[in-house]
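Subject: Structure for your files

Hello,

Here is the structure I said I would pass on. My notes on it follow below.

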Amino acid sequence: MGLLSDPNRRRALIGMLTRLNAPICVVCYMAGVAWFMGLAFEPFTLRTYMSENAMGSTMVEEHFPAGERALDTGREFAAHKKKAGGMPVDWLVRTMQSRGLEVFTQRFSRKLPFPDENKERYMVKGTNVYGILRAPRAPRTEALVLSAPCSPGNDNNQAVGLLLGLAQYFRSQIYWAKDIIFLVNEHDLIGMQAWLEGYHHTNTTGMDWSPLQGRGGSIQAALCLELSSDVVTSLDLVLEGLNGQLPNLDLVNLFYAFCQKIGVLCTIQGKLPRNDWDTPWGYSHAAKTMLMMVLKQASGRPWGDHGLFLRYHIEAASIKGINSFRPYKTDATTVGRLMEGMYRKLNNLLERLHQSYFFYLMPSLSRFVSIGYYMPAFGLLAVILLLRPSSPGVLSILTPLVISHLTGVALYTLPILSQEIAVEHFPVSETEAVVLTAIAIYTAGLALPHNTHRLLSGEGTEQGWKVLKLVAVLYLAVLLGCTALINFSLGFILALTLVPLAAFITPHVHRTLAAFVMVVLSPGFTLLFAVYFFQDLQETPVSVQEGWMLFLSVISQGILDHALYGSLVYPLVALLVYPCWLLFWNILFWK
């Protein structure tokens with residue numbers, strides 16, 4: 001405090017920061033990246049542990065015996081699904097009723113803003129079927145959900161069979177203190193969104209659905225099961241939800257604890273944990289696992305049906321069965337025992353999961369990185385923005401701000417609004433029209449804002465671009481800070497690419513080289529590189545052409561996810577990140 005209160009020492013400190021500003025910024029950037037990559041090193045992480053006493057204090061014995069019978073039910077479900085050409089509603093209703101459940105259906109329909117070519121659908125109509133097992137030992141004010149999507153073809157038939165087998169077994173037990181809802185949803189996320197909106201009496205997406213005739217208590221937790229094989233080699237836990245939300249870490253700890261107890265191989269991001277953390281290969285494995293989680297979380301899309309529960313403050317995760325080349329095999333009975341044990345533990349909850357972490361990264365299922373460990377990496381990048389503002393005089397910068405943001409508004413609204421016109425005049429489909437219009441507006445924005453300084457009073461002055469940079473840097477600092485609080489992964493990736501150009505861009509640098517670097521570090525190219533990088537992390541590298549097609553697909557899915565489920569990534573990039581980047585582009589071409 002004495003250093004800051006003494007005017008002479010304060011001036012000396014300011015002078016030192018001014019002289020060494022650029023080297024300090026470089027050191028902060030390198031330190032931030034090094035800090036983040038060091039988080040995958042096991043000694044810098046924490047071992048997972050159960051925080052909720054109600055789930056960790058009492059052991060349970062799992063006795064589910066009917067794995068083979070569940071697989072037979074799954075085959076019967078597959079036959080009726082094939083015969084009906086979709087969800088076999090009548091058969092499901094009869095089967096659930098025969099297992100002693102209160103059974104209800106919900107019809108829904110949704111017209112997409114443009115066709116989803118990945119799943120070949122435009123006007124979606126379907127039916128959800130769910131059965132409620134009423135709690136025999138409680139006032140029925142709380143509930144748990146077990147769901148399995150009715151997927152096209154041969155996918156997920158075993159999951160529906162196991163769900164029905166667990167429903168029959170749970171019906172014979174008397175220790176349930178919460179309602180258990182067994183849900184089979186059609187059309188994956190769209191059906192799940194319709195059911196959740198109906199259950200909570202909300203309609204945020206404009207979907208048409210029939211009101212639910214039966215409800216349970218307030219939902220405390222949910223698990224979504226996906227099995228497409230009679231035998232699995234491992235179970236993969238999927239956590240990333242809408243807008244980067246994650247379930248309470250105790251739900252992850254519960255899954256890992258039961259996998260360890262029953263002897264089931266469990267993975268996260270499809271990767272098994274390794275014990276050789278002190279070798280380059282062990283560290284590389286952990287780093288890849290963590291980076292995959294970062295990219296998934298940054299996408300803002302729900303990576304399973306569980307992802308929509310999280311917006312209603314319901315702790316949820318998806319459990320996917322993987323049948324790979326591994327020699328270890330797990331049958332349906334073992335998976336059923338795992339699910340039984342987890343639900344019996346969740347049944348013991350006296351309140352919602354809250355004692356453990358909601359913000360974390362995971363290099364493996366046995367280790368995690370808490371928010372207190374990873375936020376300093378972001379802070380080291382963000383402090384660069386605070387070191388770079390200057391102290392210029394006052395100048396109106398309304399024009400470049402308005403034009404840059406109008407370009408963002410056009411990027412957000414025009415792709416969908418202009419699809420019919422584009423289809424009429426060009427040989428493209430609706431989906432191609434939306435994606436190509438977005439790319440065209442994004443590219444056209446490069447030619448517009450860098451001339452806006454001509455409309456300013458005092459244009460061409462040194463003072464002008466300094467004021468604009470001051471506003472742009474502070475704007476970016478606030479934007480990245482708010483984004484990181486909601487979705488750390490997205491905020492960190494944006495900071496990694498935008499902070500360097502924000503710190504060092506001026507009209508006096510080599511313009512051609514700087515323009516090339518700015519384009520490479522722009523939001524669009526960041527997304528393109530992320531697509532290739534994610535494929536490499538999954539060990540499924542793609543060619544340049546395949547990567548480009550995936551890039552176009554990601555853009556269309558981002559726009560669809562915003563329209564269907566309320567994902568915030570596309571409006572964030574279009575309305576805030578891209579206009580902010582355009583302000584720095586404007587500074588580069590200041591004359």
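An unreviewed UniProt entry places the feature "transmembrane region" at residues 20-41, 368-387, 393-412, 472-501, 513-534 and 568-590; its positions are given in the numbering used here, feature names are shortened, and annotations may be inferred rather than shown by experiment. This is a predicted model, in which local features need pLDDT of at least 70 and side-chain atom pairs pLDDT 80 or more, while totals for chains, interfaces and linings use all residues. Residues are numbered from 1 along each chain as its sequence is written, and side-chain values use heavy atoms, without hydrogens and water.

Residues 20-41 are 82% helix and 0% strand, with end C-alpha atoms 31 Å apart. For residues 513-534 the figures are 91% helix, 0% strand and 28 Å. Helices (H or I, at least four residues) and strands (E, at least two) are DSSP runs, numbered from the N terminus.

Rings of Phe, Tyr and Trp (its six-membered ring) pair if their centres lie within 6.5 Å; planes under 30 degrees apart are stacked, over 60 edge-to-face, the rest tilted. The count is 25 aromatic pairs. One of them, Phe36 with Phe488, is tilted, at 6.3 Å centre to centre and 40° between the planes. Phe36 is in helix α3 (residues 21-38) and Phe488 in helix α17 (residues 488-504), 452 residues apart. Phe36 is buried at 3% relative accessible area, and Phe488 is buried, also at 3% (buried is under 20%, exposed over 50%, partly exposed in between; 1.4 Å probe, protein chains only).

Tyr442 and Tyr578 are stacked, 4.5 Å centre to centre with 25° between the planes. Tyr442 belongs to helix α15 (residues 430-444) and Tyr578 to helix α21 (residues 569-588), so this pair ties together parts 136 residues apart in sequence.

Regards
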